[in-house]
Amino acid sequence: MIIEGLSPGLLPPPKVIELEHCARRAMDASHSKLPSTTWTLDRVKTAISRGTEINSVCYGVDVVDIGDGCIVKFGTFVRAREAEATEFVAARTSIPVARIHATLYDEVTSTTYIVQDRIHGERLDKLLPTLDAEKLQVIEKELQLIFSQLSSLDTHGPMGMVGKPTYFLDFHPFPVDYIGSWKATTALEFVAWIIDATNTATDVTVFKPLDSNIFDDKMPHVFSHGDLVPENILVHDGHISGIIDWEYAGWYPYFWNPYIALRRPFLDSRWTKIIRNNMMTYNRECHVFSVNNYYLLITKELERKIAHNS
């Protein structure tokens with residue numbers, strides 16, 4: 001099965017602001033030399049068998065370099081919506097993302113394959129400790145432009161993931177699979193859904209009672225990468241060469257971007273400073289989610305330990 005094109009109903013691309021120093025133009029000049037022939041499952045599997053594994057991202061997700069400047073990301077946890085979101089962003093911004101060649105699905109093994117250009121670069125989380133003030137300033141300036149372009153997409157869809165209006169599937173960052181649809185039009189509705197779905201899925205009361213006064217229902221939703229953290233930002237020759245892993249991209253409550261960017265403990269202080277310099281952080285809202293996410297993670301860890309010892 002080959003999946004092509006963007007979902008209907010999405011607004012046309014807006015005029016974009018070019019990222020001054022990002023590697024997008026360099027990437028365009030050196031795109032893969034792969035011939036533009038039809039991709040099939042057999043062809044992709046043959047290419048993978050002859051390729052070189054460059055990363056085993058996690059259980060159910062692998063990445064293989066198949067040559068000619070291309071990689072295949074595949075696995076039972078890979079989703080076609082990642083390719084769709086990548087193409088959505090590419091069509092509407094100058095944010096450097098991978099060119100998608102094909103998305104295929106193997107119904108027998110429940111495996112999705114995404115054939116895409118390989119973006120060269122090192123992960124920002126590994127580079128941050130080594131950057132001097134001048135190089136860090138360059139990265140921050142480029143991130144400012146990326147944040148600005150992401151915000152230009154705020155009104156280009158209803159709350160939900162790209163290609164899945166009103167849907168939030170395999171929800172991130174909570175380790176619970178939310179299967180189904182939820183029509184959340186405000187932050188409060190979204191939060192209430194998270195509480196109900198989490199408590200139901202874990203058979204325990206994970207979240208504390210909701211304080212409706214914390215969330216501003218008048219605030220419009222925003223477009224979010226869904227997991228814009230240093231691990232998903234690639235840097236090459238001192239400039240941002242690519243933003244990867246768009247599988248959670250979509251429209252979320254107004255506080256979602258700073259929550260995702262700052263939710264992890266032990267973040268590099270340089271990253272924290274960049275986010276706080278360039279985003280409204282919504283401290284109260286993010287704190288509520290951070291505290292409740294902590295309770296959820298602890299509960300799931302206890303469940304795993306109990307299952308392991310029984």
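Me: How many bridges join E4 to strand E5, and how do they run?

Reply: 6 bridges join E4 to E5 (residues 111–117), and the two run antiparallel. Strands pair if DSSP finds at least two bridges between them, so E4 and E5 count as paired. Strands (E, at least two residues) and helices (H or I, at least four) are DSSP runs, numbered from the N terminus.

Me: Where does this model come from?

Reply: It is a predicted model: local features need pLDDT of at least 70, side-chain atom pairs count only at pLDDT 80 or more, and totals for chains, interfaces and linings use all residues. Residues are numbered from 1 along each chain as its sequence is written, and side-chain values use heavy atoms, with hydrogens and water left out.

Me: Why is Val78 called buried?

Reply: Its relative accessible area is 2%. Buried means under 20%, exposed over 50%, and partly exposed in between (1.4 Å probe, protein chains only). So Val78 is buried. Val78 sits in the loop between strand E3 (70–75) and helix H3 (80–92).

Me: What is Val78 in contact with, leaving aside its neighbours within four places in sequence?

Reply: Gly60, Val61, Lys73, Thr112 and Ile114. Contact means heavy atoms within 4.5 Å. The C-alpha atoms of Val78 and Thr112 are separated by 5.6 Å, and these residues are 34 apart along the chain.

Me: How many aromatic pairs does the count come to?

Reply: The count comes to 12. Rings of Phe, Tyr and Trp (its six-membered ring) pair if their centres lie within 6.5 Å; planes under 30 degrees apart are stacked, over 60 edge-to-face, the rest tilted.

Me: What makes the pair of Phe190 and Trp256 edge-to-face?

Reply: The ring centres are 5.4 Å apart, so Phe190 and Trp256 pair. Their planes stand at 75°, so the pair is edge-to-face. Phe190 lies in helix H6 (residues 187–202) and Trp256 in helix H7 (residues 256–262), so the pair ties together parts 66 residues apart in sequence. Both residues are buried.

Me: Which angle lies between the planes of Tyr254 and Tyr282?

Reply: The angle is 80°, with 4.9 Å centre to centre, and this aromatic pair is edge-to-face.

Me: Why does Tyr282 count as partly exposed?

Reply: Tyr282 has 22% relative accessibility, so it falls in the partly exposed class. Tyr254 is at 5%, so it is buried.
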